[in-house]
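Work through the exercises below with the sequence and the structure open beside you, and try each task before reading its solution.

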Number of protein chains: 2
Amino acid sequence: MTSASPILIIGSMAFDDLELPTGSAHNVVGGSATYSAFAASVFAPVRVVAVVGDDFPEEMLGTMRGRGIDVDGVERASGKTFRWAGRYDTDLIHRTTLDTQLNVFASFNPKLPELYRDTPFVLLGNNHPALQLDVLEQTRAPLFVVADTMNFWISGEPQILASMLRRIDTLVVNDEEARQLSGIYNIRRAARDILTRGPRRVIIKRGEHGALLFDEDGIFAAPGFPLEDVIDPTGAGDSFAGGLLGYLSNQQQISALSLRRAMLHATATASFCVEAVGTQRIATITREDVAQRVDQIRSLYEFGASTM
Amino acid sequence: MTSASPILIIGSMAFDDLELPTGSAHNVVGGSATYSAFAASVFAPVRVVAVVGDDFPEEMLGTMRGRGIDVDGVERASGKTFRWAGRYDTDLIHRTTLDTQLNVFASFNPKLPELYRDTPFVLLGNNHPALQLDVLEQTRAPLFVVADTMNFWISGEPQILASMLRRIDTLVVNDEEARQLSGIYNIRRAARDILTRGPRRVIIKRGEHGALLFDEDGIFAAPGFPLEDVIDPTGAGDSFAGGLLGYLSNQQQISALSLRRAMLHATATASFCVEAVGTQRIATITREDVAQRVDQIRSLYEFGASTM
């Protein structure tokens, strides 16, 4: 752990109201920064920039500190914390947003603490691309920048999004977002198109089917691990991104090999997230847990004693 | 090729009318037996039991013979060939059946030629489970029996289907069929349930996401290869089953290892099927084509020079 460089994560911290096939859960602490931070903290020290309202429990910030997450960059603003409500279908894939209340997030204007500006690994969670760019401007020569985005910004802010894409190393999106961004249905062609827009790499998340990495070395597929208990997929994508950066930081090098290993560790990390409501599971996993699941995932492709 | 044991395939031969995102195609020769036979013929000699009408082109039977497919078991009945019409969504996954005309298939009462009864590898294509059982009764101690089925039989003929399941080695179904058959949404739990119903192995096809094998040795995942040209998914599942049996027959042994290798070869074989309308591509591929694609698929999981 001590050899890993810190990771800077910018994103949301939120209360979620979740209607899950297994029941409803209210006031669940969530948000992209929260999930990503817990996931990354398995591998490396984490610094979070986010905003919460008066109503956000100090106890959760304490839990995060206990996991090696520096929350000095979490601004406590007057008002209510960002709130999202959603209903998941039985398939736990499709979901309907029932309510979104930006609250203190509406006027979020992130200011990086001086210490944070030199963080080598940066995760720009899904946000207005202007805000993502603004945060990048406040950093000094980061080694590796990963960004997430969503349909809302792809359709609403195409030009600022295009500027953001030219400034990052890796874009992490799901298959629908990749299609929307490129205007191309075929995933492989869509990925190739996105690579012409700036990022050196694009990772396409496919939920239970894992994720694909497209880079100059080709295509790498991290399989989804068939889980027996899928409870709440909220935050799985954010946990994936956090796990990815956490692992890379821990390896202290960006190469075709370390990225491919990171894809498996990110998938493994995210797989824990869905096993419980909210951050319950992702906030408690250990490196040993992740290593074990990476072994399980790798066993999905093993032929046994011999090779082909 | 000469060392491979023959494969017996029972299924449909048909005319398909396809509405594809790239255009419409009429009177396309299709059917589960046709696709499976072309796929299996890449690896092994094939024997087909099916029925066609007066209108089925003799030329296609000649093409099949040219690929080492014995069509002596294809009965030519008076009347029209089975016909299916369907429309695919843009995603090329969801499809709507527009028309089904059983025609000569309605009174199909397969009689195995004497020579066929001792075929060691048997593929029972999707059919009424009573017909699948009837064919099995006509075989003598086959080494390996694979069956396919569909929602229509799962809901309509549960008891006969249950008898069929007790007589086969491997069931090949898609994820929706596995869920329907087991009554369990979670794929891993669904697979375990199916394994209590008779088959020693169940393979769950997941379209572009590949396929999962569940057996006593665990779970094996064959990834879908991200194709740049996906034209017509009709017959991909049948090509998968044909490729699976073809490869196993060629290996002449059923083991955890040969099954895992067969999963990759089946996925590779099926991936060609979707690259053109109907059987155009699957009817012309070589073992070298498949071997090359298996290498491409395996490269999806390779880390480069070093290992983890």
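This is a predicted model: local features need pLDDT of at least 70, side-chain atom pairs count only at pLDDT 80 or more; totals for chains, interfaces and linings use all residues.

Residues are numbered from 1 along each chain as its sequence is written, chains are lettered from A and ligands numbered from 1 in the order in which they are written, and side-chain values use heavy atoms, with hydrogens and water left out.

**Exercise 1. Describe the contact between chain B and chain A by its residues, area and elements.**

Solution. Begin with the residues: counting as contact any heavy atoms within 4.5 Å, the interface takes 36 residues from chain B and 37 residues from chain A.

Next comes the area buried between the two chains, about 3,500 Å², to which carbon and sulfur atoms contribute 54%; buried area here is the accessible area (1.4 Å probe) that two parts lose on being put together, summed over both. Across this interface, 18 residue pairs, both at pLDDT 80 or more, are in polar contact, that is, they have a pair of N or O atoms within 3.5 Å, where within protein one must be able to donate a hydrogen and the other to accept it, and residues adjacent in sequence count only if both atoms are side-chain atoms.

Then look at the elements of chain B that give two or more residues to the side touching chain A, which are helix H7 (187-195), strand S14 (218-222), helix H9 (256-273) and helix H10 (287-299). Helices (H or I, at least four residues) and strands (E, at least two) are DSSP runs, numbered from the N terminus. The largest share of that side, five residues, comes from H9(B).

**Exercise 2. Find how many salt bridges link chain B and chain A, and examine the pair A:Arg206 and B:Glu208.**

Solution. Side chains of opposite charge can pair when their charged atoms come close. A salt bridge is a side-chain nitrogen of Lys or Arg within 4 Å of a carboxyl oxygen of Asp or Glu, and by this rule there are 10 between chain B and chain A, whereas the count over all chains comes to 39.

A:Arg206 is buried, with a relative accessible area of 12%, while B:Glu208 is partly exposed at 36%; buried means under 20%, exposed over 50%, and partly exposed in between (1.4 Å probe, protein chains only).

A further salt bridge joins A:Asp229 and B:Arg189, at 2.8 Å from N to O.

**Exercise 3. Determine how chain B is related to chain A, and through which surface the copies meet.**

Solution. In chain B, the C-alpha nearest the axis belongs to B:His209, 3.3 Å from it.

Finally, compare the two sides: 100% of the interface residues of chain B are also interface residues in chain A, so the copies meet through the same surface.

Definitions and conventions
Copies are superposed by least squares on the C-alpha atoms of residues with pLDDT of at least 70 in both.
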